[in-house]
Amino acid sequence: MLSVLLTQPALSQITVTQGYHTTGRGNPRCVLLHIYLPDSLKQTFPRELRVVLKGDTRKSISNVELYQSQGDEFYAESSPQRLASVLPKEDSLELLLSPSTQFQSHLWLTADIRKNARPGAVVDALLEGLGDPDGEACIYELQRLVCIPTTDNCRFYRIPAMTLDRKGNVVVAYDRRYDSNLDLGNHRIDVAVRRSFDGGRTWSPQVIVAKGDAASDGQYGFGDPALVRTAGGRLICLMAAGKNGYFQSMRHIGITVSDDDGQTWSSPRELTAQGFTDAVHGTTDSLGFWSIFATSGKGLLTRDGTVMFATNTLMGLPTGTWEGSSGCYILSSADEGNHWTLGPTLAYDHCDESKMVQLDNDSILLSVRQRGARGFNRADASAVNWEQQWRNDGIYNGNPCNADIIKVPFMKHTYLHTYLKHPKDRRQLQLAVSTDDCRTWHDILTIQDGGAAYSTMEFLSNNHLAVFFEDGSAGEHNGYALTFVTLTPRQLKALIRKTEKEN
């Protein structure tokens, strides 16, 4: 056995982590475990391994395999080497490797998910003698990796944004951060788009819609995209632009639009350069704030056809914390994005990235990223007359992170919210529900138990809930995989009803 052949000091040199979240129904080679093997143990690592399938994992999978690769991104490998394969007839399995196996640095324990696996079931496994890493993976009706680190000439991907075109097809945007995972202001970042015409099952090639020139102040780079579809069907993508970070006077807002459902996009232009009113400061075609950006992910299309985005703004160099210096004002357009107005009223004071949803009574609810209890405020349908802001500890962020809020279209007064539940780290992406117009919140599902960060949601034309999020389960060093999962209406209703009974 592994625990007998390797000494405890040797075992401590082996790193075992949960794999990428690849547990969609019918998905092959779902990574259960990632094992890093140091050079000093490659000759003595055993050729007989025992796999323990936890819980009801065996019912959900059809095959278990062990692969190896020299690189640390399994799905970026063109042809990882398969070392062993076994059918899961029992919960305890033996993987027998060839005595002549020459080990590489990375081992990958994978499983094929059955096509009829139950959505909501979990899969989890351990290699006996190597410990049991935290976390387990939930099975989804559909799961796809939209962006994989170290593919398409890009090492790092971040910042998921999502909307639907007028035909109901999925359109996503995100940052291509190339060789650095740092935010805009440290290096050039481009914004890319992919589309899916089958509900997220397959995806078009990447198209760069905002490409920086790495030279000019306003065109150096683009990042943090936010998408919305207008009443007329136009797709609008707002993004931060330029060469300065938020604390170095980020003053440029880039905008690109598509009038053919995301097939082609206009060249990015400066939103504040023409057709823009800063109603906070009473200026036209100029900006009174020292720094500004629109919250990434998505904007809001109200029932009267107005497009709105929540922004973060700074009057000058921040003092104290970001949250203690930044204010949220609403950026809106009533004519398909041709003219824009910022403000005039403050929506939330001392805040971070925010999202909006329109309630059943037409009022606008703002949900604000903050450490600890999440912030909220409410306004009338114009998003001008804001009430007294408050915090709701029903959604408690140990790590403040961009999240999302959405109305359930087939249930009255019911809303969903994503957030990170872990007390300090970016992990444990949670889905919470409110059935009383966002007054109280209750968790209904852990979307990703391991590493995770930004997330956004949309309801597809078949009422499946799509969640597009940053999956960091392979470790922050490896970068985030941008992951797309769906929940069926039946599954969602069952989770909500279960929570209602328990609370």
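Begin by selecting Asp362 and Arg303, whose side chains meet in a salt bridge with an N to O distance of 2.7 Å; keep in mind throughout that this is a predicted model. Asp362 sits in the loop between strand E29 (354-358) and strand E30 (364-368), while Arg303 sits in the loop between strand E24 (300-301) and strand E25 (307-314), so the pair ties together parts that are 59 residues apart in sequence. If you colour by accessibility, Asp362 counts as partly exposed, at 35% relative accessibility. This bridge belongs to a structure that holds 23 salt bridges.

Is each partner buried or exposed, or something in between? Lys407 is buried, because its relative accessible area of 19% falls under the 20% limit for that class, whereas Asp360, with a relative accessible area of 33%, is partly exposed.

Next, select Lys421 and Asp443, whose side chains meet in a salt bridge of 2.7 Å, N to O. Here Lys421 comes from the loop between strand E34 (415-420) and strand E35 (427-434), and Asp443 from strand E36 (residues 442-459), so that distant parts of the chain, 22 residues apart, are linked. Lys421 is partly exposed, with a relative accessible area of 39%, and Asp443 also counts as partly exposed, at 25% relative accessibility.

Now leave the charged side chains and turn to the nonpolar ones. Which residues have the most contacts inside the largest nonpolar core? They are Leu95 and Leu109, within a core of 34 residues. To see where this core comes from, highlight strand E2 (30-36), strand E3 (48-53), strand E4 (61-69), strand E5 (81-86), strand E6 (92-96), strand E7 (106-113) and strand E9 (125-127), each of which supplies at least two of its residues. Then centre the view on Leu95: leaving aside neighbours within four places in sequence, Leu95 is in contact with several residues, among them Leu49, Val51, Leu66, Val86 and Leu109, and also with Arg47 and Glu48.

As a last stop, select Leu416, Val433, Tyr454 and Phe469, which are included in a second, separate core of 29 residues.

Technical notes. Residues numbered from 1 in each chain as written. Predicted model: local features only at pLDDT ≥ 70, side-chain atom pairs only at ≥ 80, totals over all residues. Heavy atoms only, no water. Salt bridge = Lys/Arg side-chain N within 4 Å of Asp/Glu carboxyl O. Helix = DSSP H or I, 4+ residues; strand = E, 2+ residues; numbered from the N terminus. Buried < 20%, exposed > 50% of the residue type's maximum accessible area, 1.4 Å probe, protein only. Core = buried A, V, L, I, M, F, W, Y, C linked by side-chain atoms within 4.5 Å. Contact = heavy atoms within 4.5 Å.
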